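The sequence and the structure come first.

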Amino acid sequence: MAKAIWNDAVIADSDETVVLEGNHYFPPESVNREFLADSSRRTVCGWKGTASYYDLVVDGETNPAAAWYYADPKPAASDIKGRIAFWHGVRVEA
């Protein structure tokens, strides 16, 4: 079971993550949406496509763009479509 934890809150937990480039991509239904806030940040990866981001908000503290996902990845990254990964101080225990 993998868990994503930030600010002492479990943001996501699942035994069905996909690991890509060292990042655990969690199924969307395993993420506690109450901690996610939309972000306008977007980045482009040459082989995965365009990533969209969420801010994390826990106990009034915000971690900007700490979660990302690929809504429509390129074919080489189709396994992570819609899955959510974390960084910026989010601890992922696996």
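## Aromatic pairs

Y25 is buried, at a relative accessible area of 0%; buried means under 20% relative accessible area, exposed over 50%, and partly exposed in between (1.4 Å probe, protein chains only). W68 also counts as buried, with 8% relative accessibility. The model is predicted: local features need pLDDT of at least 70, side-chain atom pairs count only at pLDDT 80 or more, and totals for chains, interfaces and linings use all residues. Residues are numbered from 1 along each chain as its sequence is written, and side-chain values use heavy atoms, with hydrogens and water left out.

Five aromatic pairs are found in a search of the whole structure. Rings of Phe, Tyr and Trp (its six-membered ring) pair if their centres lie within 6.5 Å; planes under 30 degrees apart count as stacked, over 60 as edge-to-face and the rest as tilted. Y25 and W68 make an edge-to-face pair, with 5.9 Å from centre to centre and 90° between the planes. This pair links distant parts of the chain, 43 residues apart: Y25 belongs to strand β4 (residues 23-25) and W68 to strand β7 (residues 61-69). Helices (H or I, at least four residues) and strands (E, at least two) are DSSP runs, numbered from the N terminus.

F26 and F86 are both buried. Their ring centres are 5.6 Å apart and the planes stand at 65°, so this pair is edge-to-face. F26 lies in the loop between β4 and β5 (36-45) and F86 in strand β8 (residues 84-86), so the pair ties together parts that are 60 residues apart in sequence.

## Aromatic cluster and a charge over a ring

Y25, Y53, W68 and W87 form one aromatic cluster. Within this group, Y53 also has a charged neighbour: the charged end of R41 sits over the Y53 ring, 4.8 Å from its centre. The criterion for a charge over a ring is NZ of Lys or CZ of Arg within 6 Å of the ring centre and within 35 degrees of the ring normal.

## Three-stranded sheet

Three strands make an open sheet in the order β2-β1-β9, with antiparallel pairing. Two strands pair if DSSP finds at least two bridges between them. β2 (9-14) and β9 (91-93) stand at the edges with a single partner strand each, so one side of each has no neighbour in the sheet. Neighbouring strands here are turned against each other by 20° on average, direction ignored; axes are lines fitted to C-alpha atoms, for helices over the stretch in contact, and angles run from 0 to 180 degrees between N-to-C directions.

Strand β1 (residues 2-6) is joined to β2 by five bridges, and the two run antiparallel. A2 stands opposite S14 in β2.

## Four-stranded sheet

A further open sheet has four strands in the order β5-β6-β7-β8, paired antiparallel. Its edge strands, β5 and β8, each pair on one side only. The twist from one strand to the next averages 35°.

Three bridges pair β7 with β8 in the antiparallel sense. Across these strands, Y69 stands opposite I84 in β8.

## Salt bridges

The whole-structure search gives two salt bridges, each defined as a side-chain nitrogen of Lys or Arg within 4 Å of a carboxyl oxygen of Asp or Glu. One joins E21 to K48, with the closest N and O atoms 2.6 Å apart. The two residues are 27 apart, E21 in the loop between β3 (18-20) and β4, K48 in the loop between β5 and β6 (49-58). E21 counts as exposed at 52% relative accessibility, whereas K48 counts as buried at 6%.

The side chains of R91 and E93 also meet in a salt bridge, 2.9 Å from N to O. R91 is partly exposed, at 45% relative accessible area, and E93 is partly exposed at 36%.

## Surroundings of H24

H24 lies in strand β4 and is buried, with a relative accessible area of 18%. Leaving aside residues up to four places away in sequence, H24 touches A2, T17, V18, V19, I84, A85, V92 and A94; contact means heavy atoms within 4.5 Å. H24 and R91 are 67 residues apart in sequence, and their C-alpha atoms are 11 Å apart in space.
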